[in-house]
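Hello,

Here is the structure I said I would pass on. My notes on it follow below.

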Amino acid sequence: MSHNSNLQDDIIRMSGVNPRKCMRCGKCSATCPAYDEMEYHPHQFVNMVENGDIEPLLKSESLYRCLSCFACIERCPRSVEPAKLVEAVRLAVIRQQGANRMKPEDVAAIADDETPQQLLVSAFRKYSK
Amino acid sequence: MQKITKNQLLDKAAELLDNGTVTAVLGWQKGEFDYDVTPALFENKEELFANFVWNDFCGANFSKYLIKHTRKVEGKILVFLKPCDTYSFNQLLTEHRFDREKVYAVGIPCEGMADIDKVKAIVGDGISSIDCGEKIKVTTIYADAAVEIDGKDVLEGRCESCKSKKHVAYDELLGEEGDVLDSNRFDEVARLEAMTPDERFAFWQNELSRCIRCNACRDVCPACTCEKCVFGNPKSGVENKSPANSFEEKMFHIIRAFHVAGRCTDCGECSRVCPQNIPLHLLNRKFIKDMNECYGEYQAGAEVGSRAPLVNYTTEDLEPGEVFDRRDTDA
Amino acid sequence: MQMNEHKPLIVAFCCNWCSYAGADLAGNNRLNYPAEVKIIRVPCSCRVNPMFILRAFQRGADGVIICGCHPGDCHYTSGNYYTRRRMAMLFSMLDYLGIEKERTRVEWVSAAEGAKFAATMNDFVATVTALGENKRLEDLRCKK
Amino acid sequence: MKVSYFPGCTLKNKAKDLDAYAYKSAEALGVTLEEIENWQCCGGVFTTSKDEIATKLSSVRALKAANDKGQPLVSVCSACHNVIKQTNYAMQTDKDFAFKVNNYLKEDGPYNGETEVLHFLELLRDKIGFDTVKEKVVNSLKGKKIAAYYGCLLLRPGKVMRMDDPENPTIMEDLIKALGAEPVVFANRNECCGGYVSMESPALAAKKSNAVVENAKAKGADMIITACPLCRYNLVKNGADIPVVYFTELLAEALGVKEDNK
Amino acid sequence: MQRIGVFVCWCGSNIAGTVDVHAVAEALKLEPGVVFSTDYQYMCSQAGQNIIKEAIAEHKLTGIVVCSCSPRMHEATFRKTAAAAGLNPYMVEIANIREQCSWVHKDMPIGTEKAIILGKAAIAKVNLNAPLTPGESPVTKRALVIGGGIAGIQTALDIADAGFPVDIVEKKPTIGGKMAQLDKTFPTLDCAACILTPKMVDVAQHDKIRIFSYSEVTEVKGFVGNFDVKIKKHARYVKEDVCTGCGDCVSKCPMKKVPNEFNLGMDNRHAIYIPFAQAVPKVATIDPNACNMIKNGKCGLCAKVCTAGAIDYTQKDEFIEEKYGAIVVATGYNHISMDKFDEFAYNQSKDVITSLEFERLTNAAGPTAGKLLRPSDGVHPHTIVFVQCVGSRCDACAEKGKEYCSKICCMYTAKHAMLTRDKYPDTDVYVFYIDVRTPGKNFDEFYRRAVEEYGVHYIKGMVGKVVPEGNKLKVQASDLLSNKQLHIDADLVVLAAAIEPDKSARPLATMLTASMDTNDFFTEAHPKLRPVESPTAGVFLSGACQGPKDIPETVSQAGAAASKVIGLLAKDKLTGNPCIAHSDEMMCNGCSSCERVCPYGAITYVDKEFRMPDRTTAIRRVASVNPAVCQGCGACTVACPSGAMDLKGFATSQIIAEVDAICK
């Protein structure tokens with residue numbers, strides 16, 4: 001198992017989450033609406049961050065499947081709040097040079113007349129720096 | 001300056017002595033000078049008519065004297081109470097310090113008392129006589145003509161910020177009843193609070209270093225009625241009959257203020273009698289202001305039997321550290 | 001003797017039921033705090049008379065801290081509520097006289113809060129050390 | 001009553017209806033929405049990461065502007081409201097964050113989350129009162145069966161939003177009742193529509209949106225209302241076969257101020 | 001001047017490791033009053049105690065300072081040692097140089113210096129100690145048990161069997177508590193009613209036990225051995241001593257739509273009712289909020305049919321005042337509200353129920369006569385999902401639920417699952433768990449049987465959301481071991497709701513001046529060594545009011561509490577704590593400040609004649625402390641403006657001596 005403690009510290013600091021509070025109940029994964037789209041599920045995120053096993057998460061598509069719907073934050077009985085970890089890992093990726101997930105030139109292909117501005121700004125905030 | 005006259009008081013006293021309601025009268029008598037008026041117990045009409053005085057220098061609060069006199073005198077004592085005195089009177093009843101049945105209280109109106117230092121500032125030294133009527137007429141040994149002073153110009157500091165012209169206790173009222181006033185008495189405390197700690201320290205060091213520990217403040221204070229004062233009690237741990245340094249003065253005044261906190265009616269006698277003119281009432285008012293702000297408005301003596309803030313609590317009281325936050329956010 | 005670093009003298013009044021036990025727990029768990037802290041055991045924080053605090057300052061203490069059960073948990077049900085009011089008023093008065101407010105403190109420490117006790121003492125000693133010697137409220141005559 | 005108002009980018013463009021009806025309805029109910037001067041886009045999503053400062057500054061500016069006027073800050077768009085309320089909560093509870101933000105902004109005097117942040121629905125419920133709304137209804141929507149779709153941002157995180165029970169809300173249902181219609185309670189009303197993922201992964205968004213519409217229809221709804229332009233977009237785009245409208249439109253209709261718009 | 005002996009303990013290396021004990025002993029030798037000073041490896045050992053005893057005799061010591069571990073540890077030990085050597089035990093002071101010195105400082109010179117100062121403070125204090133003698137007070141030989149569940153019942157029976165009279169106060173119309181609502185009990189599966197109801201009958205028939213049902217404690221005064229308690233008996237509008245419990249009134253009552261609290265509102269009862277067939281006392285009670293006769297004077301049917309003439313619509317609440325020597329709290333528990341957990345749809349579907357509701361649904365005396373039927377439509381469920389830990393083990397920041405483990409849920413859920421599979425093999429039963437906690441005799445074996453023999457599907461994971469759709473409950477959950485999200489169409493969802501202390505406990509604790517933890521569980525005097533006593537003398541704890549407990553544990557704790565009560569009531573006199581307040585009458589102003597802050601009402605006032613300093617006599621009002629009531633907190637000593645009020649053992653002069661010793 002790879003252990004990247006620098007990255008782990010960064011993620012913990014950025015997210016403000018203490019993964020050690022997790023009691024492994026799995027309610028986050030039980031409640032996640034994007035569960036089936038994810039390679040690593042919310043409870044695994046918590047566990048992997050706790051173990052410093054961050055590298056696979058950085059590469060995972062799961063980062064872009066989280067809907068930020070806050071359901072796991074709402075229902076986590078231990079206030080671990082996995083979505084905050086997902087967000088922190090995603091930021092760790094897109095903050096790197098040239099690592100933007102979405103580029104302005106991509107938009108034209110996806111957007112239509114009805115696309116609300118909200119969708120564009122949200123997506124850019126989530127996927128790009 | 002006073003609206004009620006000496007004769008009105010004498011007539012009332014004579015009437016009550018004659019009809020047997022009371023057997024003694026607690027009143028004022030002239031001291032060494034006209035302005036030096038002291039409390040006295042008159043046990044017959046002759047003494048009363050010979051020595052009783054009522055003028056603009058009758059500031060003394062009689063409530064405290066009732067403790068001593070009611071223990072000694074058979075029958076009831078007539079006491080004249082100005083509005084501010086009635087608060088002390090009630091407070092002492094709350095503390096069971098004398099038997100209400102042994103007192104006949106006559107409430108008298110007060111237009112504010114005169115401060116002899118302010119008079120002296122106008123006329124200079126060598127006062128030979130003072131006549132209080134509409135105006136205060138002062139003669140001195142250095143001048144031929146009497147100087148006339150308007151009483152309003154020489155009011156005692158405490159009377160300038162009088163909290164109430166309304167009596168909260170009496171058996172009988174002479175003259176007209178007044179109202180509880182919207183006083184500015186906390187302004188000076190607020191001014192001090194707004195200073196920096198260093199400024200405050202300097203202020204109090206300057207004031208308290210003048211203390212000569214004469215104990216006049218304690219002796220006159222209607223809340224300081226302890227059978228034995230902690231400062232004279234070797235077992236108390238704070239016994240000190242004469243101070244060795246400025247700390248001990250400070251400690252004396254802090255402890256005294258704390259002991260009377262919640263019981264002090266803010267009558268202002270402490271500052272009136274202080275020979276060094278230390279504004280001791282500003283310590284007591286600080287406690288009153290803090291307690292009002294932290295635990296709700298409370299006026300000691302406003303009613304008999306009320307529960308003072310320091311012998312009371314709620315589960316939601318602010319924390320000791322928060323008393324400062326409170327001020328910081330207010331400021 | 002080193003003159004450059006002032007070692008403060010701290011008196012801590014601890015109630016027997018919660019805070020003294022909390023201090024014991026700090027010991028059981030070997031949680032260090034400075035030796036400048038000297039604890040006096042009282043049955044309840046409400047036993048602490050303002051006179052004790054002033055006396056400590058008079059005799060050269062640089063800081064005084066009163067520890068009691070958390071509000072609502074007083075062994076005597078209401079003692080610490082009185083403490084809370086008394087000390088709030090006393091501290092406010094000391095501040096009014098220009099004495100550094102950081103020299104006095106009230107903390108609620110339960111018998112289970114050994115860590116809090118140690119952390120509180122560390123913090124208090126650091127605070128008082130930063131203030132330096134208590135010149136404003138001590139009686140130099142009594143100082144050794 | 002005057003309140004500060006943060007419309008947000010979408011309400012000035014693709015969701016003009018949501019904005020215009022909010023103005024009209026508020027006016028009919030005796031409330032003036034005073035648009036914050038020079039407001040900037042909230043960013044659409046609240047970044048939970050503690051070291052994200054810049055993305056939250058526009059919200060703080062809006063909050064500070066409302067605070068200077070001594071008014072609550074009202075928004076209609078679920079996303080704006082979520083971002084602003086979460087930012088305000090961070091200003092209240094995260095001292096480090098507040099310190100940095102105040103240092104950065106250097107406004108007159110520090111801001112520590114004093115502003116009351118209200119969603120337009122809260123304005124209706126807590127400041128105006130649904131009873132008052134009910135009295136002002138001129139076109140009762142009697143007979144309509146309306147499903148209130150909350151989505152995620154309106155209610156969560158519950159301890160920050162403090163708007164309603166995050167799992168069993170009633171605020172929109174109560175509004176529907178006040179307007180004379182019959183609310184349809186359906187389980188997916190606080191499930192996500194797919195949100196901004198529709199940009200990246202339209203299939204996932206379609207799946208989530210369809211589940212919402214199907215669930216509402218199964219419960220007998222003939223209309224869905226929402227407070228979020230993105231929710232509406234996703235639901236409509238993915239083929240909702242019943243009308244999906246903003247709650248303000250419904251409100252304007254019931255209050256009789258809808259036609260003025262057109 | 002005292003003759004003081006100083007005894008410095010090494011505590012092996014615990015103290016001696018960081019404190020130069022010999023240096024401490026030498027330094028303290030020089031303190032005023034000290035005539036003897038020594039150190040030893042273990043002062044608390046027999047040999048160490050002998051050193052103290054010998055020194056007392058040899059040096060005619062009048063006071064002792066032991067520099068050792070915390071006084072909370074061995075103060076009592078050394079007091080006994082002193083007493084054995086003929087010294088008053090209150091002439092002993094402890095300097096805590098272990099917990100508060102050697103264990104928290106690492107540096108030997110620093111530790112030693114501090115130990116010396118702590119020793120000096122103790123010496124300064126003991127110089128001012130005076131021998132104290134505890135007061136005595138009589139014991140009222142009657143116990144009060146608050147709460148009539150299994151805990152209260154067992155405690156009452158045990159006390160009464162020892163020959164002491166006991167009163168049970170129960171707020172409901174019948175005793176029996178939660179256990180009466182249960183169906184079967186784990187791990188033996190015997191029926192709750194079969195083992196509980198005989199005990200209820202025993203209580204009813206015991207000549208030493210009185211039951212005050214439909215009653216509550218409203219006021220408690222006094223102290224250990226001498227409590228004065230006021231009990232409010234709510235009007236039940238039925239004469240308890242006349243009613244035969246025949247039930248004729250119930251069947252004739254026209255008001256039959258009152259939610260039945262015994263069945264948790266899953267069916268209805270009448271306005272006049274007997275909670276259940278085996279109720280004790282078996283008398284009817286009229287619900288004044290439902291009865292038309294009481295509400296508007298229209299009806300009166302029950303009075304007409306009652307041949308015994310027991311109905312009395314004019315009955316009023318009645319107050320009973322009684323003295324007790326001991327009080328046992330047995331107020332029990334409740335399930336927490338499910339309002340904050342509506343992701344499980346408890347408030348949205350009738351078919352999402354709590355486990356206690358499930359008990360009633362499977363109980364032969366329950367709303368479905370024991371047939372497992374769905375509350376919504378009365379259909380037999382084929383797929384049942386049990387969810388564990390609902391509201392238990394929550395983080396405080398989550399702002400919902402409880403931080404503790406509710407302890408009983410794992411076992412009762414295993415029981416429910418097993419019984420369901422046993423009775424209805426056609427039913428699929430899923431249990432979502434985080435951990436299965438089964439520490440108890442035959443507990444894990446029981447749980448394993450549920451899995452292995454009965455085929456209950458235990459899934460490690462949690463349910464995230466329950467969606468009522470049609471007549472199904474769509475359960476979305478995680479299966480952590482197979483790393484899958486599950487979607488189950490369930491017919492019934494059963495929530496293992498966390499348990500919390502009964503709401504009546506907090507006000508009761510205030511009345512009793514007994515302490516509680518942040519969860520409102522009563523605090524025990526010592527978590528290990530005095531688990532059934534409250535820190536407040538004379539108040540004892542039985543059952544779940546002290547913490548989550550199952551029945552076997554409750555019953556054993558109930559017995560333990562009873563034995564403590566018996567131990568107390570068997571005494572004729574109690575010796576009190578001598579460290580109490582006392583007022584110097586010469587200094588007392590009689591101002592009542594002390595009385596106002598005394599939490600025990602220990603201060604009264606008397607008028608006494610005094611010779612005054614000016615040789616006159618005067619009658620003065622002075623405070624007087626009841627030594628049996630005063631607990632020695634000292635609140636009065638600070639409230640007293642004159643310093644007349646002082647505390648023995650913690651006198652003003654003693655504390656100031658300590659301050660001076662530390663500061664100089």
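At what angle do helix α2 (residues 54-69) of chain D and helix α3 (residues 78-93) of chain D pack? The angle is about 85°, and the two axes are 9 Å apart. Axes here are lines fitted to C-alpha atoms, for helices over the stretch in contact, and angles run from 0 to 180 degrees between N-to-C directions. α2(D) is therefore roughly perpendicular to α3(D), a label that covers 65 to 115 degrees. Helices are DSSP runs of H or I with at least four residues, strands are runs of E with at least two, and both are numbered from the N terminus.

On conventions: this is a predicted model, where local features need pLDDT of at least 70, side-chain atom pairs count only at pLDDT 80 or more, and totals for chains, interfaces and linings use all residues. Residues are numbered from 1 along each chain as its sequence is written, while chains are lettered from A and ligands numbered from 1 in the order in which they are written.

Back to the helix pair: from α2(D), D:K56, D:S59, D:V60, D:A62 and D:L63 meet D:V83, D:I84, D:T87, D:N88 and D:M91 of α3(D). Contact means C-beta atoms, placed from the backbone, within 7 Å. By class, this contact has six nonpolar, three polar and one charged residues. Nonpolar covers Ala, Val, Leu, Ile, Met, Phe, Trp, Tyr, Cys and Pro; charged covers Asp, Glu, Lys and Arg; the others, Gly among them, are polar.

Chain A has eight helices and zero strands. Of its 129 residues, 54% are buried, that is, have 20 or more other C-beta atoms within 10 Å of their own C-beta, again placed from the backbone. Among contacts in chain A with a separation of 6 or more, 71% join residues 24 or more positions apart.

Next, the cores. A nonpolar core is a set of buried Ala, Val, Leu, Ile, Met, Phe, Trp, Tyr and Cys residues joined through C-beta atoms within 7 Å. The largest has 272 residues, and E:A143, E:V328, E:F344, E:V385, E:F432 and E:V493 touch the most other members. Leaving aside neighbours within four places in sequence, E:V385 is in contact with E:Y430, E:F432, E:V463, E:V475, E:I488, E:A490 and E:V493. A second, separate core of 232 residues includes C:W108, E:C67, E:V597 and E:C636.

Finally, one interface: 39 residues of chain E and 37 residues of chain C make up the contact. α19(E) gives the most to the chain E side, with eight residues.

Regards

Terms used: Parallel < 35°, antiparallel > 145°, perpendicular 65-115°, else oblique. Contact = placed C-beta atoms within 7 Å. Buried ≥ 20, exposed ≤ 12 C-beta atoms within 10 Å, placed from the backbone.
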